[in-house]
Structures are given as structure tokens and as C-alpha cells.
Amino acid sequence: MDHKKLTAFPDQFLWGSASAAYQVEGAWDEDGKGLSVWDEFVRIPGKTFKGTNGDVAVDHYHRFKEDVALMAEQGLKTYRFSIAWTRIFPEGRGEVNVEGLNFYQDLVDELIKHNIEPMITLYHWDLPQTLQEEYGGWESRQIIEDFTNYAATLFEAFRGKVHYWVSLNEQNVFTSLGYMLAAHPPGVTDPKRMYAANHIANLANASVINKFHELQMPGKIGPSFAYTPNYAIDSDPKNVLAAENAEDLMAHYWMDVYLWGKYPIAAMRFLEEQGWAPTIEPGDQELLESAKPDFLGINYYQTATNAFNPLDGVGSGKMNTTGKKGSSEESGVPGMYKKVTNPFVDRTNWDWEIDPEGLRIALRRITSRYRVPVMITENGLGEYDKITAENEIHDDYRIKYLSGHVHAIKEAISDGAEVLGYCTWSFTDLLSWLNGYQKRYGFVYVDRDEDGERTMNRYKKDSFYWYQEVIKENGANS
């Protein structure tokens, strides 16, 4: 709908930015930290761009005060970051590693000192390697107890200091890329195992949300879902149905469970026909339905356009992890849908569709279906950035991208969506899991690349000053 006048952003709107422990911290084996599955996975030849890893990353572990000072200068209201499980429990459980916990205590205190609301993500993919080896990680129900214990330890450690918590980050990504495409740990291609691990992750997520509420924690908690709204390529009913299939299997399959505790009917019927459906044990349904998130985190980057895909049609295709535009392959699920090119939107050099209007559509769909507050926990543009001889970075393309998405949020709020905040991805440049350091997302340029650590100096991009002004005016001119 068109509005005569757009609704203003709420006075307490959380303008923020985000990161993940493995991608920024470095210090991979310091101060008692244990090994994560990513510490091991990056050692496998060919898994990451030019063999890049997070051993040093952008050295946030040693430079966090410098980074927080830059956040304060920009005017951030919140900073979303993840905690590395193996800094707290090196073996996944047991005795707390005090040095690891102290690092995050210092980070939280530094943020609060600068009037920045800490937002903690409990799990951003760096599973303790010990738990993977001992019982298969997310494939064992033992992880429900271990993850809940880890979460409860953090809840008590930061009670009263941290008021926004993300339980699981992009569960749909770490299960599908880990168990379906072998692109993430544990590097498996087995749909049956993927949906089984995903179900256990759902149970762990529900358990942690219930623990948060049982402890009467002051604040809010919710999972963060990577939502890619699906379109049909045209009005041909076969293609419209394909888009419905994609939305059910790739979106409702997670969000329905988070908000309702129930799997979507059509998607489950498909999985049952394929022999991929997870085993629902006694008590599972009750646990899933009992957990009520206070908000739904949404990581939004792009939309997907779909067409009919027959039973003998296209399956998983190769992702573009090189930054060579147009190198991604056609992909889909036979009998359900296939992704096709949308002629109405542009794409990044990594073939991600640039569609700000899609964020408004996403917020409208979530509001209508679930009636839940939304925290936009990630949104950003990964691109090649060039630094001048004067150490300037003119990223007008990033400003254009983010500006379009901020305006889309304002339109969605005017439509009736309740949006709590907006965290860009990311604050500084960081390690892109599969794409190395060439794919830059930050407001702050970090002087390092795939070939070496270089100086690690921080330089403010043009987008840094643009967002600073957006925050100052609370999005009034967006």
C-alpha cells in the first residue's frame, strides 16, 4: 500500500550493527579457548576461499576497545555479537573457563560504558569440536542439555546487563550447508541427517527459550532466521505453486516451529514421501509448543524467484564463493521448485539479489502470519571495497543498498509491522566464512586480506558517516 505519510521510527529504535565471534575475534587458541568445528573445518583444503581462516580474523579479541570506541563515535544504539561456546566451556561442558568469560564481561562493560546496548547471540555456528567428536553434535539429543547449560551459565553471568538475546543464528543455514551441501561443518551430504539434526536444534532452541523465561531473565530472547522471501516468476499457476512450495519448505519449516511449535503440513508431507522426515518422539511436540520467543530475529539479504521444477529436474547447484558475477549454478528441489533469475532486480558480484522491497514484503508476511515483534539482526552488502592513497573508502553502493532497506523498514512500520531494531552486517570488515576477506561488509575498513594480516588498521568508510547521520536523526529522512 502507498501511504500519504510514513510512520516515524520508534523513539527507542535500536540502530545497530553485528558480528560473529569466529569472524572477528581471532585469538583462536588463547586464554584457555577450546577447538570449535570451524577451527578444524578451515584446515580442510578447498573448503574456504584461498584457505582463509579465523585464527586471527580482524583481531577484535585484542582490539575490542578500539572497535567499541568507533561504535560510540558512530552513535550505535546496540551491538550484536556472538559468544564463542569454547571460550566459556573449552570442551562444551564442565568447568567454566574464567578467562574466556572475563573477555565477554569486559566487552559488555565497555559497551555499556558507551551507552551501547549489548545483544548476545548464544550460537553462531562454532560448535565445540569435542561435542562433535563425542556424540555427533547436533545429531544427538545430548546437545539439548549441554546447550541449555551453556546458555543458562551466560544468562546468570550477564543478568541485568544484557537485555536482548539471540538463541540460534540462522539454523536453516548451518543445518542445510552442514548436512545437505557439505559446505559447512560437519561437511555431510545427507538430507535425512540434515532434517534429523535440524529437529534436535529446534528442541534445543525451545529448551533455551524456556530456560530464559524460567529464570525470569530481564529482557527478551528469540531465534534469528535467515529469511529469503519467495516469489513466482510469473502468474502461471505451476510457478505460483512452486513459490508456495519454496516458502513452505525453506521458510515456514523453521518460522512455524519457532512461533507455533508445529511443522507446516505440505512440507512435512513432502519430507515423509522422500523418507527424510525427522522422528518426532513423545514430548517433542509439547516442548516445541511451550517455547514462546519474545521476538523473531530476521537476517535479510535477498529474495528468491521460483519456477516449476519436475521430479527429474534440477537439484543443488554450486554457490558463487569467488565473487565472479554470474558463476552460481541453477539450483532447486526436484518436485518442489527451482530458483530462476528475477529480471526486475540487480545482483551483487556474489549473485545475491538486491531487493530492498523484499524486506518490506518479509516484514509484512511475518506480521500477518505470526503477529510477533521483529528484530532485524542482519542486513548488509558484501562487495569489493577499494582504499585510496588517503585511506578513504568511497562505498556509495553500500549506502544505496542500506538506504533502500532502511526506507523499506519505515514503510513496513507504516504498514503495521512492529520492528524493534536494525543491525547491519557488519560493523568492521570481517572474515566471510567461505569467501575470505575480499568480500567486505563493514562500515569500518580493516587493512588485511587473504595474503596476510597487514597492519590491521581501521579506516572509516563513507557509509560510516552516512549511518551516523541516520542514527542521529532516528531515520527521519530515510
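Start by selecting helix α15 (residues 462-472), where S463, F464, W466, Y467, V470 and I471 are buried (under 20% relative accessible area with a 1.4 Å probe, protein chains only; exposed is over 50%). Look down the axis: these residues sit on the same side of α15, because they span an arc of only 165°, taken from the directions from the helix axis to the C-beta atoms. Helices here are DSSP runs of H or I with at least four residues, strands are E runs of at least two, both numbered from the N terminus.

A word on the model: it is predicted, so local features need pLDDT of at least 70 and side-chain atom pairs 80 or more, while totals for chains, interfaces and linings use all residues. Residues count from 1 along each chain as its sequence is written, and side-chain values use heavy atoms, without hydrogens or water.

Now show what covers that buried side of α15, including β1 (14-18), α3 (60-74) and α14 (396-415); contact means heavy atoms within 4.5 Å. Step past the helix to N474, with a positive phi near 50°.

Next, jump to α11 (residues 265-274). A267, M268, F270 and L271 are buried there. They line one face of α11, since they fall within an arc of 155°. The buried set packs against α9 (191-214), α10 and β9 (332-333). Just after α11, G275 has a positive phi of about 80°.

Key: Axes are lines fitted to C-alpha atoms, for helices over the stretch in contact, and angles run from 0 to 180 degrees between N-to-C directions.
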